[in-house]
Amino acid sequence: MSALAIGSLIFVATVLVLATGLPIAFGLGAVALLFMVIFDGWNSVHFIPETVFAGLSDFTLVSLPMFVIMGAAVASSRAGSDLYEALARWLHRVPGSLVISNIGACALFSALTGSSPATCAAIGKMGIPEMRKRGYDADLATGAIAAGGTLGILIPPSITMILYGIASETSIGRLFLAGVLPGLLLTGLFMAWALFISWKRGTVLVDADRIYSMKEKLELLPRLLPFMAVIVGVVYALYGGIATPSEAAGVGAALCLVMVILIYKVWKPMDLWAILRDGLRESGMLLLIIGTSILFGYMMSSLQVTQSVAEAIGEMQVNKWVILAAINLLLLVAGMFLPPAAIILMTTPILMPVITAAGFDPIWFGVILTINMELGLITPPVGLNLFVINGITPDVRLPTILKGAFPFMMCMVVAIVLLCIFPEIATWLPQALMG
């Protein structure tokens, strides 16, 4: 049997196993074990512990639980509502002001959490009820938060980019820098759509006549200072030559814990235990997925599937942009069914030879891949952010949330096109600051 035929069997088996609802880590591990035994015999089982633990011994992985704890600490406090309220007062008179405020809050919150579901939940719990109470349509209110939450995996620090950096052996510091301008671009596109659709619908706020004085606008700004301090602390540690990404993650986690203890009074033992418990649970899940994904990649490589797919794509007599379009389509379809971590760890070993052979910058492609992962988070049938929003607002049906999120999906497609036309949007900042 040819390697490509084996690859097709692996694809079908993986889809069928994951469709059963089996946890991603166990599903990938089961498929890898099955095909290793069938094609390489029982002796191949001896390589499983060594492969998994060798993959998990990468020191860079230390940054994952640290960034997860950052997100858990911030999500446990009133940080999201403070961000939202401060922005809402300044933008109150702008059409679609509350939607724009929530998107801005999502962008700032993303810079602390690196997690899309955490961003979605923290801002959505406060923002969606307020928007609906003040006259915004349910589809726009829920769709904006679902899309704004996806910024959590693009604006650094990003757990998704850490995984891509590990899988592709590229600089995580450069990836973080590469995500800054595209993240701001996507935030601007989201805000522009919110402004346009609110103006077109003629949305009238219930409290449209409310005028905030300058004193009321300024009194909430000090609440943003802790956020700025944490962001500046992490950025300075990472890019000031003081710490590696793993050490900078530890700095960020420590600063976030100090912030929620001193400013938001989250100091009770049970509250702190909840933060550490949630961080441990999510970190354990991610590390299990990473370990079994490494085993899955080893199986694909040992059966020559990875090399054959890369060779077949490389031999296609088509323009490199056609290859990139096909890769984007593959990532979009995968994102409909799998979480970002699994997709990145499964596809990166296959795609990297193709990307480099076509002459694309791996750092630039990391941003393209991340935006594709964002699309997957709000695309059915397994759009995680859609279910998070539905959990926050159970009275709003999923089709309504999807209707509101669809225009924001188109904004992401526009962002991908702009990045293809102007790759400097992603590559300029890493080159300027790191050479």
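Is R277 buried, partly exposed or exposed? Select R277 to begin: its relative accessibility is 34%, so R277 counts as partly exposed, since that class lies between under 20% for buried and over 50% for exposed. Keep in mind throughout that this is a predicted model.

**Stop 1: salt bridges**

The side chains of R277 and D278 form a salt bridge, 3.4 Å from N to O. D278 is partly exposed too, with a relative accessible area of 32%. Side chains of opposite charge can pair when their charged atoms come close. The whole structure has 5 salt bridges according to the search.

Next, select R132 and D395. Their side chains meet in a salt bridge of 3.0 Å, N to O. This pair links distant parts of the chain, 263 residues apart: R132 belongs to helix α7 (residues 116-133), while D395 sits in the loop between α19 (384-392) and α20. R132 is partly exposed at 32% relative accessibility, whereas D395 is exposed at 55%.

Now move to R201 and D137, whose closest N and O atoms are 2.9 Å apart in another salt bridge. Here, too, distant parts of the chain are linked: R201 is in helix α10 and D137 is in the loop between α7 and α8 (138-149), 64 residues apart. R201 has a relative accessible area of 35% and is partly exposed; for D137 the value is 35%, also partly exposed.

**Stop 2: the nonpolar core**

Select I10, F190, F296, M299, W364 and F365. These residues have the most contacts inside the largest nonpolar core, which has 139 residues. Helix α17 (residues 340-357) gives the most to this core, 11 residues. In soluble globular proteins, nonpolar side chains tend to be buried together.

Zoom in on M299. Leaving aside residues up to four places away in sequence, M299 touches I10, V31, A32, F35 and M36.

**Stop 3**

Select F406, M410, V413, V417, I421 and F422. Together they make a nonpolar surface patch of about 540 Å². Pick out V413, which lies in helix α20. V413 counts as partly exposed because its relative accessibility is 35%, between the limits of 20% and 50%.

**Stop 4: helix α21**

Select residues 424-434, which form helix α21; A426, T427, L429 and P430 are buried there. They cover an arc of only 160 degrees around the axis, so they lie on the same side of α21. What covers these buried residues? Show α10 (172-201), α18 (362-377) and α20 (398-421), which are included in the cover. Then step past the end of the helix to G435, which follows α21 and has a positive phi, near 80 degrees.

**Stop 5: positive phi outside glycine**

Go to E169, in the loop between α9 (159-168) and α10. Its phi is positive, near 60 degrees, in a residue other than glycine. E169 is exposed, with a relative accessible area of 74%.

Finish at K265, in the loop between α13 (245-262) and α14 (269-302). K265 is not a glycine, yet its phi is positive, about 60 degrees. Is K265 buried or exposed? At 57% relative accessibility, K265 counts as exposed.

Terms used:
Residues numbered from 1 in each chain as written. Predicted model: local features only at pLDDT ≥ 70, side-chain atom pairs only at ≥ 80, totals over all residues. Heavy atoms only, no water. Buried < 20%, exposed > 50% of the residue type's maximum accessible area, 1.4 Å probe, protein only. Helix = DSSP H or I, 4+ residues; strand = E, 2+ residues; numbered from the N terminus. Arc of directions from axis to C-beta. Contact = heavy atoms within 4.5 Å. Patch = residues over 30% accessible without salt bridge, like charges linked within 9 Å, V, L, I, M, F, W, Y side chains within 5 Å. Areas by Shrake-Rupley, 256 points an atom, 1.4 Å probe, with all protein chains shown as cover. Salt bridge = Lys/Arg side-chain N within 4 Å of Asp/Glu carboxyl O. Core = buried A, V, L, I, M, F, W, Y, C linked by side-chain atoms within 4.5 Å.
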